[in-house]
Amino acid sequence: MTVTSQTSTSQASTSQASQTSTGDRVITYSEAVREAIAEAMTADERVFMLGEDIGVYGGAFGVSGDLYHRFGPERIRDTPISELGIVGAAVGAALAGMRPIVEIQFSDFTCQAMDQIVNQAAKIHFMLGGAAQVPMVLRAPLGSGTGAAAQHSQSLEAWFAHVPGLKVVMPSCAEEVKGLLLSAIDDPNPVMFLEHKLLYRTSGPVPEGADRIPLGTTAVRRTGRDITLVATGVMVSRCLEAAETLAGEGIDVSVLDPRTLSPLDAQPILDDVSRTGRALLVQEAPGHVGFMAEIASRIVESPAIFHLLAPIRRLCGLDVPIPYAPQLETAAVPQVDGIVEAARLLMKES
Amino acid sequence: MARLGEDPGTARRTLEAMWRIRRFEEAVDDLFARGLMHGTMHLSIGQEASATGTCFALRDDDAITSTHRGHGHCIAKGADLEQMMAELLAKETGYCRGRGGSMHIADVATGNLGANGIVGGGIPIAAGAGLAYQLQGIDRVVVSFFGDGATNEGAFHEAVNLASIWKLPVIFLCENNKYGMSFSTEKSINVETIAERSAAYGIPGVTVDGNDVEAVHEAVTTAVERARTGQGPTLVESLTYRWKGHSKSDKNLYRTKEEIAEWRDKDPIGRFETLVVERGVLSAEDVEQVRAAATNDVRDAARRANAAPDADPDDLLDAVFATA
């Protein structure tokens with residue numbers, strides 16, 4: 001689904017409005033994920049969850065919490081440590097009429113399940129000429145910032161976004177994660193739902209109802225005059241924080257959040273860049289062949305290129321495995337100060 | 001338990017299925033050799049009893065997952081020859097509208113959840129389908145076909161483990177044709193039989209003569225009964241042999257002419273024909289009639305499929321994502 005910039009903006013502001021009206025109920029990102037799962041499971045008996053330690057343990061990051069006690073061991077199904085097996089089981093269950101939600105403890109472990117994700121789930125609908133569907137959601141925490149080092153901290157979203165047939169969602173805030181997850185569960189396709197682990201404890205006003213946020217809609221978080229910042233995952237809140245600092249210096253920036261990498265709603269980004277004339281693209285993942293390279297390409301392939309006042313800039317994670325030492329880990333991915341500095345430099349370039 | 005060669009009706013249908021598989025694969029082999037079919041394919045000629053004996057132990061609403069060598073499974077499960085042929089001929093009317101080809105034929109309506117180009121790829125999917133039926137409270141079962149090579153993939157072990165701990169209604173049907181492409185089971189596994197691997201998962205494992213359609217049917221029927229009554233999965237190892245090479249590039253450098261000739265003498269179709277004629281269940285004329293009918297059916301299917309429209313590049317993108 002593609003929407004215009006205006007629609008996206010109005011959706012974001014609608015969301016803002018409902019937050020204000022229900023502002024008395026502030027819950028965390030993990031609670032919002034759990035609430036979406038519980039509501040989907042209550043509404044549709046085909047929905048069930050499987051994953052490692054999601055039962056009495058409550059999930060490695062506590063996301064499934066009390067769902068085991070509310071829905072029982074059949075539908076909140078603890079599995080052996082067997083990522084390929086459980087993702088494959090989800091594919092088969094989806095083919096046979098269920099709506100599985102798989103939790104993979106760390107998105108890094110999707111590497112163990114890659115055949116089922118890439119060769120099976122993503123391709124079955126197409127390979128069979130549209131005769132079968134694989135409606136499943138694979139939820140996985142991604143990102144650095146927890147001191148868990150190189151095998152528990154990656155941001156692999158570009159891999160998945162590169163595979164036709166997979167939808168890829170990166171919810172950036174508590175306010176939206178529920179609505180996006182409900183849409184992912186509704187979707188007749190396999191959806192990679194990538195939750196940044198630093199966001200789990202963040203909170204915000206979350207609608208009590210079952211409001212969906214359509215996949216494939218870019219959110220405009222902030223509209224400014226000088227620079228279009230595009231960011232994903234935890235980088236969205238870092239950009240918003242940087243925007244406050246920059247505003248104090250007279251640099252007025254937009255912050256756009258694609259929310260879903262596939263399908264991508266690029267038009268709001270192109271429209272905003274056409275207006276500001278400057279683009280700063282921020283991601284946690286390593287820059288080389290990353291998602292923001294795709295955004296940069298979309299800009300230069302569109303008439304937005306004629307409005308550029310300065311070269312497009314990317315601020316990305318370094319091309320390095322995520323290190324353990326806190327000062328090294330911090331240095332490996334963009335931080336608020338770095339975003340502010342990059343924005344200042346970009347203003348000087350034009 | 002009724003045997004497949006006991007009454008004339010069942011014997012005829014069994015023989016029909018095996019001949020349809022044989023004639024279909026001979027036809028596509030020929031079309032390929034004449035340059036009228038592109039891509040690649042993996043023929044199961046010589047393995048017809050394994051596919052047929054297994055699928056004949058299933059109800060219509062039971063499911064299968066298949067392999068890269070899957071034409072026999074599809075046909076034995078009831079697939080339409082014309083739609084299969086159309087798929088291989090890259091036609092819009094094929095099972096996958098020309099998107100999948102030989103390795104991805106599926107017919108979800110008849111419980112065929114799909115062939116698979118990845119060795120072992122279908123095994124966890126079969127476990128998942130079994131899980132779905134268990135959760136839905138229906139007594140369907142799933143057969144997962146795979147070869148000897150797949151039992152060295154992690155996917156096999158993960159899926160069998162899941163099915164065993166959850167007592168899923170799945171039959172793991174290993175067609176041991178002695179070679180994973182060129183690598184023989186003598187080199188690739190360190191146990192006497194693949195069925196022994198079931199012991200690691202606390203489930204029954206049986207080895208049967210895969211060229212004896214009645215023996216396959218009997219073993220699978222027992223496994224199906226077990227699965228359908230909530231007692232969990234079984235590993236059935238069906239010993240058989242592919243007469244043709246692994247795929248189109250195979251020069252048979254890893255096996256001898258004598259070995260191939262020896263297995264041709266164990267032809268599962270001829271063996272069943274002899275059996276039912278000797279039993280007096282079918283006459284020699286009946287057998288000849290079944291064979292001729294299969295030849296005609298395949299020829300008709302190929303002719304009709306060939307006349308169908310080609311898959312259209314204008315529609316190429318329309319099935320990447322499902323729309324509600």
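**Sheet, helices and contacts in a predicted model**

Mentor: This model is predicted. In chain A, seven strands make an open sheet of mixed pairing, ordered β3-β2-β4-β5-β7-β6-β12.

Trainee: What makes β3 and β12 of chain A stand at the edges?

Mentor: Count the partners. β3 (76-78) and β12 (260-262) of chain A each have a single partner strand, so one side of each lacks a neighbour in the sheet. On average, neighbouring strands of this sheet are turned by 20 degrees against each other, direction ignored.

Trainee: How do you know that β2 and β4 of chain A pair?

Mentor: Two strands pair if there are at least two bridges between them. Five bridges join β2 (residues 47-51) to β4 (residues 99-103) in chain A. Therefore they count as paired. The two strands run parallel. Leu50(A), for one, has Val102(A) in β4(A) as its bridge partner.

Trainee: Which strands does α4(A) lie across?

Mentor: α4(A) lies across β2, β4 and β5 (137-142) of chain A. Its angle to β4(A) is about 170 degrees.

Trainee: What does α4(A) give to the side of chain A that touches chain B?

Mentor: The contact takes 34 residues from chain A and 35 residues from chain B. α4(A) gives nine residues, the largest share of chain A's side. That side divides into 18 nonpolar, 14 polar and two charged residues.

Trainee: Which residues of α1(B) and α11(B) meet?

Mentor: From α1(B), they include Trp19(B) and Phe24(B). From α11(B), they include Val290(B) and Ala294(B). The residues of this contact divide into nine nonpolar, one polar and seven charged.

Trainee: Where do the domains of chain A lie?

Mentor: The domain assignment gives domain 1 (22-205) and domain 2 (219-348) of chain A. Their C-alpha centres lie 26 Å apart.

Trainee: How many residues does the contact take from each domain of chain A?

Mentor: It takes 25 residues from domain 1 and 25 residues from domain 2 of chain A. On the domain 1 side, α6 (157-161), β6 (167-169) and α7 (174-186) of chain A each supply at least two residues. That side divides into 13 nonpolar, nine polar and three charged residues.

Notes. Residues numbered from 1 in each chain as written. Chains lettered and ligands numbered in written order. Predicted model: local features only at pLDDT ≥ 70, side-chain atom pairs only at ≥ 80, totals over all residues. Contact = placed C-beta atoms within 7 Å. Helix = DSSP H or I, 4+ residues; strand = E, 2+ residues; numbered from the N terminus. Nonpolar A, V, L, I, M, F, W, Y, C, P; charged D, E, K, R; others polar. Domains from an automatic or database assignment. Axes fitted to C-alpha atoms, helices over the stretch in contact; angles between N-to-C directions.
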